[in-house]
Every structure is written in structure tokens, then in C-alpha cells.
Amino acid sequence: MIMKLKQLFKTALALLTFSLSVSAVARQVNSYEVSLDTSLRTVVVKANLETHGEYLTMDWEAADFLPDGWSHFVREIHAFTPDYTHISLDYEQPGRWKMEHVPAQILLEYVISITHDSIIWEEGGHDESAYVLEDLLFMVGRVFLISAGQRSDYGEMPEYKVAFQDLPEDYQVSTTWMPAGNGDRIWKVKGTRALLSSMVLIGIQHREQVQDEGVEVVLAGAPAYKPGLQSFARIFESLVPQ
């Protein structure tokens, strides 16, 4: 009885926290709101997603050597209906959670631990997953994005929004996604594949931009690599037709 009351209290507390902190971006369908702790080692994600089947999925490729795949790094996950009714989840390996019931739209809140660079990767290495370098976090989309069953881009490709919240003013976000307002904090993404496979660089960084008609190349990296980035930018500029 005591354990059941504790569980009910934890569920109610999670529900209250989620309902009070959800933002305007997270209320949009197919959107993710991402925030980081000061160490860049903890990523908190709030999402509002259309459901496609009875499973939440994080069973993307490249982490098959881990028993739980990409969900090895998930520390907490909570699911709710749009009116904030809690949805129980049953974890099924690797990287799948079965929903107790399936609404047309689901709200998620989950926590990712960025410890990808502390293990040996059999495929690609942590430089194709996530790592932290001083005040800079690199990760690909599949590191921190859980899907509500949307796996392919056959037919009409879904459009997503990803917003990075409460970052320090001197932090920048670099990615191949399209800006959607608020500088480099809100992005729009066309298609699930682009959402999962694109690289994201967050933190104190140096950026070089090369622009031509309809084409923009952005080179970004740690400030220590500024001379190298400038050299690459000059090379790209020399290749752009005058």
C-alpha cells in the first residue's frame, strides 16, 4: 500500500511539473523542446507528437551492440495525453516502450544522459553519437529524439520543430536544419530521417559562413579551432563561382 502511494505521488508530481513547464513550442504537434544542464551532460526533452502505432521508439541504427540500444542513455520517461492524463509505458528491448493506451497525440518528457563518450563504440564511434568538449556539446538527432512510431518518410514527409530553451547567451546552436525564428534557438525539420541523422553543435563555438546565391555553408567548431575553420572557409570561398 505504501509503495503504491509513493508511485501515485511520483506520477502526480511528474504530471504537475510537466503541465506547469510546457511551453508554446512544445504545445505544437510534432515538436521537441530541448534544455541542457550546465555540464552539458543532461538533456531534458519535452515533446508533443502524433502517434503512429502503439509504441514509442528509439531503436535507431548504430547502437545495436548495446543491449538497450540508444535507450541505454534514457534516465526517465513520462507520457501523457493532451489533457495531461498519465499514460503507463511498458519497456520492451531494445529502445521501445508500449503505451497502455494510444491517443492520437501524446506529450512526452524524458531525460537523456550524455555519457556516449565513456564507452567504446563498435560502429562509427562516439563522434557519430555524442560527446562533450569543454563548453561544447556535439550530438546527432538520434541521440536525444524519441519517436511516437514515425519511422519512415514514405509519402508526405512530416515537419518537425525543435527548440533549444534556456541556453546561456554566449551559446550558439549549429545544425543543418532550417531556422524557424528566434535566431539559432528554434529550427524546423522536414522528414524523420533528417530529424534523426543531422548533427547538432551546442555551446561556445566559432562559426565561419560562406554564402552564394541559394547556397550557405556553415563551418563550426570549438574556439581553439578558429584558424583551421578560417582556412577551410577560404578554401570554400575560392571554389564558389564568381
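Student: Are R185 and D184 buried or exposed?

Tutor: This is a predicted model, and in it both R185 and D184 are buried. The two residues also form a salt bridge with each other, their closest N and O atoms lying 2.8 Å apart.

Student: How many salt bridges does a search of the whole structure find?

Tutor: The search finds seven. Some of them share partners, and in this way E61, R142 and R193 are joined into one network.

Student: Which side chain does E109 meet in a salt bridge?

Tutor: E109 meets K46, at 3.9 Å from N to O. E109 belongs to strand 8 and K46 to strand 2, so this pair ties together parts that are 63 residues apart in sequence. As for exposure, a residue counts as buried under 20% relative accessible area. E109 is therefore buried, at 13%, and K46 is buried as well, at 9%.

Student: Where do E54 and K98 lie, the other pair I wanted to ask about?

Tutor: Their side chains meet in a salt bridge of 4.0 Å, N to O. E54 sits in the loop between strand 2 and strand 3 (55–57), while K98 is in strand 7 (residues 96–99), so the bridge ties together parts 44 residues apart in sequence. E54 is partly exposed, with a relative accessible area of 35%. K98 is partly exposed too, with 31%.

Student: How should I read a sheet, and what is the order of the strands here?

Tutor: In general, strands of a sheet pair through backbone hydrogen bonds, in either a parallel or an antiparallel way. Here an open sheet of eight strands has the order 5-4-8-2-1-11-14-13, and its pairing is mixed. Strand 5 (86–87) and strand 13 (178–179) stand at the edges with a single partner strand each, so one side of each has no neighbour in the sheet.

Student: How many bridges join strand 2 to strand 8?

Tutor: Nine bridges join them, and the two strands run antiparallel. Strand 2 covers residues 42–50 and strand 8 covers residues 105–113.

Student: Which residues gather in a patch of negative charge on the surface?

Tutor: The patch consists of E134, D135, E169 and D170. To be placed in such a patch, a residue needs over 30% relative accessible area and no salt bridge. E169 is exposed, with a relative accessible area of 81%. E169 lies in the loop between strand 11 (159–164) and strand 12 (172–175).

Definitions and conventions
Residues are numbered from 1 along each chain as its sequence is written. This is a predicted model: local features need pLDDT of at least 70, side-chain atom pairs count only at pLDDT 80 or more; totals for chains, interfaces and linings use all residues. Side-chain values use heavy atoms; hydrogens and water are left out. Patches are made of residues with over 30% relative accessible area and no salt bridge: like charges are joined within 9 Å, nonpolar side chains (Val, Leu, Ile, Met, Phe, Trp, Tyr) within 5 Å. Accessible areas come from the Shrake-Rupley method with a 1.4 Å probe; for residues, only the protein chains shown count as cover. Lys and Arg count as positive and Asp and Glu as negative; His and the chain ends are not counted. The place of a charge is taken as NZ of Lys, CZ of Arg, CG of Asp or CD of Glu. Helices (H or I, at least four residues) and strands (E, at least two) are DSSP runs, numbered from the N terminus. Buried means under 20% relative accessible area, exposed over 50%, partly exposed in between (1.4 Å probe, protein chains only). Two strands pair if DSSP finds at least two bridges between them.
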